Amino acid sequence: MMRLSSMFGPMFAAALMTGCAAVAEPVRPPPASAASQSLKRELDTRAPEWLRLHDVPSVAVAYIVDGQLVWSAAYGERAPGLPATPDTLYNIASMTKPIVAETVLRLSAAGRLSLDESMAPYWTDPDIADDPRRLELTAAMALRHQSGFPNWRYETGDRLVFQAAPGTRTSYSGEGYDYVARFAERRTGLDWESLANEMVFGPAGMGDTSFTGGGALSERAASAKGPDGSWRAPDVDTEWSAADNVRSTAADYARFLISVMDRQGLTPELTVRRGTVTDDQTGQACGPERLGPDVCPEALGFGLGWVVSRYPDETIIQHGGGDWGERTLGFYVPETRTGIVVFTNGANGMRVIRDVVALLHPNEKFVAFLDMQAR
């Protein structure tokens, strides 16, 4: 069964004009800045220890305070003998999905498609061409993981099939995301990567993020260390996936989180829909041998592209990723406009992610959720 988490600026000086001269007045960093730098220094000390303890090659972290990227850092090795840097590109695995969802939402806000129209007139996968349920499938259903599809078609004999009627059951599906991206291509007449660049990467300033690419990009990419301890060179993707394998830096993904927090390209109505949970999944996360009642969120489920966790004092909008040798997480808190991105290139990376979040955002209940994912 798919685990839920796999679903899931610099300071400037003021210038005062005196006559014809511009005089730079010293500015004391605000308390939030001082606190963030203190956390950075502690992370500098502890991150290498966590990497050794959990046998994870590297970790990259980006930290957002008051809606601004205040610092990013990387520790360890992106490949044997090669240090990770803030410019290292990581396979972000399922953290691809929020990028896809945001692209579709912004296309909807621009009137270029509708989240609630049938996708069938524009795109029907040949495997389900004779199934009348295809007529019911909408983009919103796919983005909420209510497409009715399996996670991947190889799980159903390499054929795409409905395992439930669209809109009737929540079941994590990468196939649903690939499906909605194909729909967006045919609905707009543009290829998927052009749409993502136009709607998300360009406006957010994400110059280091891509669905495909080799060459110079590969030279900066992190290799992966799998559960058996072996290394695997970075894949060079020539075809995009809407559910997996985007490469990005931690800082670039933080820019994406900031654009989401800023509701870039969205209407107020779509912003509300993005964060609305229609099918509460707390039963999957809470219970015997999982999360106890003292750390269980008040609500937990899928919005449009994100996992929404509601706690008494804050809401955490998150998504994680996990492939053979990668574990990743990104989240933000809309009430405080804070956020964290953590990328790793090791199969045990969730343990490092848990420790990083416990330091930078010590919400006991959320850390307990991450600890459950790390078991």
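Me: The expected span of a helix is 1.5 Å times one less than its number of residues; how many residues has H5, and what does H5 reach from its first C-alpha to its last?

Reply: Helices (H or I, at least four residues) and strands (E, at least two) are DSSP runs, numbered from the N terminus. H5 has 13 residues and reaches 17 Å, close to the 18 Å expected. This is a predicted model, in which local features need pLDDT of at least 70 and side-chain atom pairs count only at pLDDT 80 or more, while totals for chains, interfaces and linings use all residues. Residues are numbered from 1 along each chain as its sequence is written, and side-chain values use heavy atoms, with hydrogens and water left out.

Me: Where is the kink in H5 centred?

Reply: A bend is the angle between axes fitted to the seven residues ending at a residue and the seven starting there. In H5 the kink is about 40° and is centred on Glu198, and just after this helix Gly205 takes a positive phi of about 75°.

Me: Which residues of H5 are buried, and what covers them?

Reply: Buried means under 20% relative accessible area with a 1.4 Å probe, protein chains only. In H5 this applies to Trp192, Leu195, Ala196, Met199, Val200, Phe201 and Ala204, and their cover, judged by contact (heavy atoms within 4.5 Å), includes H2, H4 and H7.

Definitions and conventions
Expected span 1.5 Å × (residues − 1). Buried < 20%, exposed > 50% of the residue type's maximum accessible area, 1.4 Å probe, protein only.
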